[in-house]
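User: I have a structure open and would like to learn how to read it feature by feature. Please give the general idea each time, then the case here.

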Amino acid sequence: MGYTPHVMVLGGGVTGTAIARDLAIRGLDVTLVERGRLTDGATGRMQGLLYSGARYADADQPVAAKCYDENRTLAEIADHCVEETGGLLVPTDADEATVESIVEACEDCDIPAEALTGEKARSMEPALGEGVEGAVRVPDATVDPFRLTVATAKSATEFGAEIRTHTEVTDIHVEDGAVTAVTVEHDPEPAGRPRPEDSEGATADSTSPDGDDPDTVPDGGKQVPGASGGPGAVPPGETDVPGMPGTTGEERPSRPTAGTERLEPDYVVNATGAWADEVAGLAGFSFPMHRSRGAMVVTEDQPVGMPVSLGATPGPVRTVVPHGQHAVIGATNDPVADPDNLDGDGDDADRLLVDLTGVVPALDDSRLLRTFWGVRSGPPRGDGEGRRFALVDHADRDGCWGMTTVVGGTLTIHRLVAERVADHVCGTFGISRECKTDELPLPGSEDQEVLDAVMDTFGLSSPVYDRTRERLGSRTLEVLDTDGPNPVLCEAESVTRAEVRDALDDATGEAVDLNDVRIRTSATMGSCQGGRCAHRIAAELHPEYELDVIEDALDDLLAERWKGQRHALWGDQLAQAARNYDFHASTLGRKYRFEVAEREDSGGIALDGFDDGPVTGGADQPTVGWGMRR
Amino acid sequence: MTDDVVVVGGGIEGYVAALTAALEEPVADVRLLVRDDGRFCHEPGWIDLLGYPPTDGDSAGDDDAGPVREPLQEPFAALSDLPADHPYSRAGIEEVRRALSLFEELSGYEGLDSDANALVATATGEVTPTFLYPDSVASGLASDDRETLLVGFEQIVDFDAALAAAKLDEQLPYDVGHTTIELDVEVGGAEPAERFAAVLDDNEELDGELPARRAVAGKIRNDLDIEPRIGFPAVLGRSAADGVRSDLEAILQADVFEVPLGPPSMPGLRLVDRLWSELDDAGVAVETGVTVTDVETADDRIASVEVAGGSAEGDDLRERYEGEQFVLATGGVGAGGLRADRERIREPAFGCYVAQPADRADWVADGFLDDQPFARAGLAVDDEFRPLDADDTPEFENLRAAGRVLGGADVAAEQSTGGVAVVTGYAAGRLAAEW
């Protein structure tokens, strides 16, 4: 081949960015486009559980083994995004599997698992209820999907990929049996775009709706080789990675202005997840899919120290996953037609609690911060045996060269899915380079001791500093090194002004999107849900932006926070919501506004008729002219 | 021992009820049971009367009046138009006036003379109506058309002076300027507002050189032109706030005022300090750090309440107080006087019936600042402020309720929070003492 193929990847979820990274590492020219922010689709709304595969060990050995391989691989290449907590599977009466049968099946797949009596399980996880008679200790882990996606995107750009967010595909042109061009529209006002729902981002509030699905087995349109390579290749010095760059300057190196643009890539990979059928439809392909939605709830506290899954076989499960200071419980599973319209109602939270409080009784007293809904998608379910991923080359399926669609897969195996896609694309162009994503670590490592040594420099208390470093990793010093005081703007999540300003510089560009700042910093994601701090974050937009833009951005941020809260408001969280309402309506006077525009002739609000104050001013003032009233 | 009047709850309405009872019947034994100062941390310090005519509560959420509304200039004129179950309607206009007069006397607040609403500037640069206000707000009224300089402190993040000034300058018919200064105050893990107030109260030397008040004034002087008044975030002292303000006024030769912030609100805490000393003068017995754990009843009357708390080690201390008359003043949903579980909003202290939407999904509106049904939930009362059960019968012969625990009004929306607390606290305290 005498030229470098230009591949366009559609979709900025964890799978799309991993495909972009893999192809970029292999030397191809890559442009990734995402209609919203990175992780705005399913990736940003999941439970963040990295499966061990133990749950499928009995039903599907190859799947389980691959799942565990990928679990190990991610723990090595992205250990700043993964927390190796271990996990517990608690079989229920409805399960066919028992503690013993699960452990036996795990042994057959080389997944380390240990049978525990109820008593032993409670000694490992004191939150388990007295009714739990036995459990299996498995190597589950938690993962921060946003941080993982951003790190993957950052790596992709380091290898030359271009990543363009807020860029939506509006047309895919087909001529003479081949895809010839893609029209994209850059969104000048991302803040105004209606989102399917609450995009929770990758920090504590994130979760994975892969709750009831096995980690995928490759049975798609393409035969794919087994997972080879395995873990390794991480230099010893790289294994103690404290954090990652929570912001991603390189993630969108160019920021085109509003308008449409026609790109002519050599190949297109459609990795738009739950939107894959819609996007395939732009090229005229019909693409049946399975879609369901899953409700998840964020708790204010962290009731468990490790993920606890109720229900130990493939099928509906309920899981409590600890993240940072919170936990995410999930997930329901209901069919849904429109991935842009996922919201259910308050009953979903009740359903989750009813099932889980038997195993984790403390959940009954947990304060619930938010409810949100994620979407699962994949190829149509045939025999009801669980979801698979499918890699469909439209040349084979539709007789049209130049585009492959990938659907399904989970967070745990996303890297493997990306590898298969990249193998296929490379094969199409006769490129024989091997995949390296299983051994090249993601960016974000730094010597932890260096960071510790300088924390006092910034006058931050240890918890604030620690939380900042968790988010920023190697960029902590650069971000915190500002002139003047650096007060905390969001107390609950320990976010300082410097970090908000950094996220604003990095995230918004010409458009204003405080939800983007929220996702990057975790600000407004604590117990007050922005009621006490959203206005402080918005104030950082001044004076760069117009007043009405700042006001709209604040309203958008609070609206997004409210949307997630309102389905599970009782107890302490309703009390908090009531105080937020009082503060904004009364103390800040934000509920009603004067009509000022019509009074421009008179210069502003008409004051006549209102009390203009007591007659005398400061009593001790000298009687010089400018100290006097009027 | 048996008290004549036992008031449960430590918000404005509880303090006013206890003070009213003690002042109306000087021979009565009055006791106030208070959990903590927490509710005053949320008080902006001013007392609204009625800022906006209420919207139709029956269709709250659907019938949101929208964000653009003109506030009332003459709140008293609007009182007679309120629905019959509004707390002001229960009290009657004359009672409203009597209550505000007493409160003006107790608090030293201004604003009753004019009978008109005042406009005040908020920390985010909005203009909003209120009625009574402390000295620290008096010279800063937005409805007073003098030019204004707003001063922010870098470390006080609730108040961005530049943004607030820009918004106010756009809305008001006079100039509003701004400057933001940095003070060498080590905040550490403390609440910045409390730390700043303490530094200014004590006039601590900053950087080992200037006393704090002079240091603040010195940093502003260059930015002060001919503005006759200067607004600060409300952190200008707690115990010595008058001294802080008059020192700054003397040095800067301009009026100094404050813009209230979120919790911990210094104007709110100054108010509770003031009311506390009034309670002391009036001979009211006060128990702090306690919550009601049990209520003993006999023949449709409250005989006694048991409270727990008061001990740093936990809830070991228990005490029972008998009384002739009781006043329930524990606050609304935000304060814990009303408490929701997954099914119902309840009144946990006395178990009174709470009027509310039947379905939990209807407690909240679609938008954060839409009219919120939960804000309107609360106790229904008769004209003597006795809570009524579901059949409109008084729950107890000798229990009255006041303040945010009452339903029938979204006081945050109509800007009547402080007024309803003062008026209903007054009415309940007076009726309890007269009984």
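Analyst: Strands are DSSP runs of E with at least two residues, helices are runs of H or I with at least four residues, and both are numbered from the N terminus. A residue is buried if 20 or more other C-beta atoms lie within 10 Å of its own, exposed if 12 or fewer, and partly exposed in between, with C-beta atoms placed from the backbone. In β2(A), four of its five residues are buried, so the strand is mostly covered. This is a predicted model, in which local features need pLDDT of at least 70 and side-chain atom pairs count only at pLDDT 80 or more, while totals for chains, interfaces and linings use all residues. Residues are numbered from 1 along each chain as its sequence is written, and chains are lettered from A and ligands numbered from 1 in the order in which they are written.

User: Which strand pairs with β2 of chain A in the parallel sense, and over how many bridges?

Analyst: Strands of a sheet pair through backbone hydrogen bonds, either parallel or antiparallel. Two strands count as paired if DSSP finds at least two bridges between them. Here β1 (residues 6–10) and β2 (residues 29–33) of chain A are parallel, with five bridges. H6(A) has D29(A) in β2(A) as its bridge partner, and M8(A) stands opposite T31(A) in β2(A).

User: In what order do the strands of that open sheet run?

Analyst: The order is β9-β2-β1-β13-β21-β20 in chain A, six strands with mixed pairing. The edges are β9 (162–164) and β20 (390–393) of chain A; each has a single partner strand, so one side of each lacks a neighbour in the sheet. From one strand to the next the twist averages 15 degrees. Such angles run from 0 to 180 degrees between N-to-C directions, and axes are lines fitted to C-alpha atoms, for helices over the stretch in contact.

User: What does helix α1 of chain A lie across?

Analyst: Two residues are in contact if their C-beta atoms, placed from the backbone, lie within 7 Å. Helix α1 (residues 14–25) of chain A lies across β1, β2, β9, β13 (267–270) and β21 (403–407) of chain A, and runs at about 170 degrees to β2(A).

User: Which three strands of chain A form an open sheet with antiparallel pairing?

Analyst: They are β10-β11-β12 of chain A, in that order. β10 (167–175) and β12 (259–263) of chain A are the edge strands with a single partner each, so each has one side without a neighbour in the sheet. The twist averages 20 degrees from one strand to the next. β11 (residues 178–186) of chain A and β12(A) are joined by five bridges in the antiparallel sense; in β12(A), L263(A) is the bridge partner of V182(A).

User: How is a pair of helices read? Take α1 and α13 of chain B: at what angle do they cross?

Analyst: Two packed helices are described by the angle between their axes and the distance between the axes. The axes of α1 (residues 12–24) and α13 (residues 417–434) of chain B cross at roughly 35 degrees and come within 7 Å. Among the residues making the contact are V16(B) and A17(B) of α1(B) and A421(B) and V422(B) of α13(B). By class, this contact has eleven nonpolar, six polar and four charged residues. Ala, Val, Leu, Ile, Met, Phe, Trp, Tyr, Cys and Pro count as nonpolar, Asp, Glu, Lys and Arg as charged, and the others, Gly among them, as polar.

User: Is G152 of chain B buried or exposed?

Analyst: G152(B) is buried, because 26 other C-beta atoms lie within 10 Å. G152(B) sits in strand β5 (residues 148–153) of chain B. The C-alpha atoms of G152(B) and F232(B) are 6.3 Å apart, although 80 residues separate them along the chain.

User: How many residues does each chain give to the contact between A and B?

Analyst: Chain A gives 64 residues and chain B gives 76 residues. On the side of chain A, α17(A) supplies the largest share, twelve residues. That side divides into 29 nonpolar, 19 polar and 16 charged residues.
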